Amino acid sequence: ILGLSTARNRGAKETRAPILAYLDDDAIASPQWLQILLNAYENNEKLAVAGGKVTLIWPQGYSQPNWLSDQLAGSLGAFDLGDNVIYISQADLTPRGVNYSIRRDFLEKIGGFDPNLGRIGKKLLSNEELYTTELALAQGWQVGYFPAALVEHNVAPERINRQWFMRRSWWQGISEHYREEVAGRTGLAQFGRGGERLARGLVKYVKFINDPAKSFDNLLYAYGQIGYLSEAAKAMLTPQK
């Protein structure tokens with residue numbers, strides 16, 4: 001399988017460094033980025049994953065549209081948990097892939113990044129960092145946010161439209177189904193979870209209809225559940241090998 005996770009695993013095999021740091025090709029690291037991450041690992045042998053703050057660089061002539069909330073800007077790479085070092089306990093607060101590092105020993109222990117998650121061609125799959133963080137926390141490792149390890153991420157103009165976010169939300173739902181599949185949480189219960197989230201998203205979409213950002217946030221949330229439910233249904237109808 002080709003894709004982002006496969007590329008990261010290949011990169012890990014090309015070096016024997018104990019700490020692996022990943023940076024997107026459209027991102028700009030601050031001068032102190034690597035040193036701060038390295039110091040963090042050297043000072044904490046239980047640290048498995050670390051990343052820092054990510055700010056956005058908008059293309060010339062663009063600014064953040066009124067329908068795009070700060071939370072949703074995370075889909076473009078933005079990541080800000082404040083100005084203090086934090087050891088996270090919730091997997092959904094995991095450092096973003098645009099500014100990401102991991103301890104080799106831990107990565108090898110879990111068999112590398114899951115190649116079924118993360119971008120694959122035009123498929124906007126995700127959750128590879130979230131799943132890795134889930135494994136780290138479950139195994140007693142720590143995951144840290146170090147804001148001074150700053151990275152700036154260039155926003156591609158073609159992503160500044162509602163259609164791109166709708167498409168990404170659909171694939172987010174598919175990614176969530178796969179994450180539950182590898183965790184053994186598939187089955188009829190998925191339809192209850194997905195149906196409840198779909199209804200909640202639609203209710204809030206209507207509730208905040210006069211607030212462009214909140215309304216769009218909830219529309220995307222609901223739309224992602226349709227992708228999740230469709231993948232769950234497909235899995236149930238596919239004969240097991």
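The model is predicted: local features need pLDDT of at least 70, side-chain atom pairs count only at pLDDT 80 or more, and totals for chains, interfaces and linings use all residues. Residues are numbered from 1 along each chain as its sequence is written, and side-chain values use heavy atoms, without hydrogens and water.

Helices (H or I, at least four residues) and strands (E, at least two) are DSSP runs, numbered from the N terminus.

The table lists residues by burial: buried is under 20% relative accessible area, exposed over 50%, partly exposed in between (1.4 Å probe, protein chains only).

| Element | State | Residues |
|---|---|---|
| Helix 6 | buried | Gln-190, Gly-194, Arg-197, Gly-201 |
| Helix 6, face turned away from the buried side | exposed | Val-203, Val-206, Lys-207 |
| Helix 4 (residues 128-138) | buried | Glu-128, Glu-129, Leu-130, Tyr-131, Thr-132, Thr-133, Ala-136 |

The buried residues of helix 6 pack against helix 5 and helix 7 (212-237), with contact meaning heavy atoms within 4.5 Å. The buried residues of helix 4 pack against helix 1 (4-13), strand 3 (47-51), strand 6 (99-103), helix 3 (104-109), strand 7 (142-145) and helix 5. Gly-140, with a positive phi near 85°, follows helix 4.

Leu-188 lies in the loop between helix 5 (162-182) and helix 6 (189-207). Leu-188 counts as exposed because its relative accessibility is 65%.
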